[in-house]
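I opened the notebook today to look up a few side-chain contacts, charges and backbone angles. Here is what I wrote down as I went along.

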Amino acid sequence: MSTLKWSATNADGLLADLDLPPAAYRALLKIRAQSEAGGRIAMDQGTLGKLLGLSRPSVNAALRELELAKLVKKVRNGVYQINPMLAGYDCPEDALDAVKAMPRTDRLDSKTYVSDYHRAVAAYQDQLAEQRKKRAAAAAAKKAAATRRRGSLHAVG
């Protein structure tokens, strides 16, 4: 069986424009190399981390970047799908059919693709900042309540 695979696009220039973190590029290349025809890959994060020599948090962050960029989609734990425009196929016809069948919003040839990615990253960072604020507010409220309880206690003697 030949290892030659067809892809619907040469996205090297596009991927360079995204300015992904290095771990995300490495993860994408490893996933593409290990994927089935059509872009499905069954590999958990621990295995990917071992192949790349990365910690689990680094692998999680790399995969999150690839998802924000719409390059890889998590199907379920341990199963991912590479964007049909990047996935390898057994023949050019399969590659073209897969791209034709995909939602327009997931296509990499949109004029706004790179800016959409940067907006998605900014929205994700905003979401993380909001979660941090909520956790800090909850921790402050808990501390204030504990202080009030301690202040109301007094020794009986």
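**Entry 1: polar contacts.** I began with the term itself: a polar contact is a pair of N or O atoms within 3.5 Å, and within protein one must be able to donate a hydrogen and the other to accept it. I also kept in mind that this is a predicted model.

With that settled, I asked which backbone oxygen of Asp 106 or Lys 70 would turn up by the side chain of Asn 83. The backbone oxygen of Asp 106 lies 2.8 Å from a polar atom of that Asn 83 side chain. I then found the backbone oxygen of Lys 70, also listed at 2.8 Å from a polar atom of the Asn 83 side chain. Asn 83 sits in the loop between β3 and α5. Its relative accessibility is 4%, so I noted Asn 83 as buried.

**Entry 2: Asp 106 again.** I stayed with Asp 106 and looked at its side chain, which meets that of Lys 73 in a salt bridge at 3.8 Å, N to O. Asp 106 belongs to the loop between α5 and α6 while Lys 73 is in strand β2 (residues 72–76), so this pair ties together parts that are 33 residues apart in sequence. Is Asp 106 buried or exposed? I found a relative accessible area of 19% for Asp 106, which makes it buried. The cut-off is under 20%.

**Entry 3: the other salt bridges.** How many salt bridges does the structure hold? I read off four. Arg 119 and Asp 116 form one of them, with the closest N and O atoms 2.3 Å apart. These two are three residues apart in helix α6, so about one helical turn separates Arg 119 from Asp 116. Asp 116 is partly exposed, at 33% relative accessibility.

I also looked up Arg 40, which pairs with Glu 36 in a salt bridge whose closest N and O atoms are 2.9 Å apart. Arg 40 is partly exposed at 30% relative accessibility, and Glu 36 is partly exposed at 41%.

**Entry 4: charged patches.** Next I went to the surface. Asp 90, Glu 93, Asp 94 and Asp 97 gather there in a patch of negative charge. I placed Asp 90 in the loop between β3 (79–82) and α5 (92–101). With 52% relative accessibility, Asp 90 counts as exposed.

A patch of positive charge is on the surface too, made of Lys 142, Lys 143, Arg 148, Arg 149 and Arg 150. I traced Lys 142 to helix α6 (residues 113–152). Lys 142 is exposed, and its relative accessible area is 65%.

**Entry 5: phi angles.** Phi of Lys 70 is near 60°. Lys 70 is found in the loop between α4 and β2, and is partly exposed at 36% relative accessibility.

Asp 19 has a positive phi as well, near 60°. I located Asp 19 in the loop between α1 (12–18) and α2 (22–34), where its relative accessible area of 63% makes it exposed.

**Entry 6: a distance across the model.** Last, I picked Gly 53, in the loop between α3 (45–52) and α4 (56–68). Gly 53 is exposed at 63% relative accessibility. From C-alpha to C-alpha, I read 30 Å between Gly 53 and Tyr 113, which are 60 residues apart in sequence.

Conventions: Residues numbered from 1 in each chain as written. Predicted model: local features only at pLDDT ≥ 70, side-chain atom pairs only at ≥ 80, totals over all residues. Heavy atoms only, no water. Patch = residues over 30% accessible without salt bridge, like charges linked within 9 Å, V, L, I, M, F, W, Y side chains within 5 Å. Areas by Shrake-Rupley, 256 points an atom, 1.4 Å probe, with all protein chains shown as cover. Lys, Arg positive; Asp, Glu negative; His and termini not counted. Charge placed at Lys NZ, Arg CZ, Asp CG, Glu CD. Helix = DSSP H or I, 4+ residues; strand = E, 2+ residues; numbered from the N terminus. Buried < 20%, exposed > 50% of the residue type's maximum accessible area, 1.4 Å probe, protein only.
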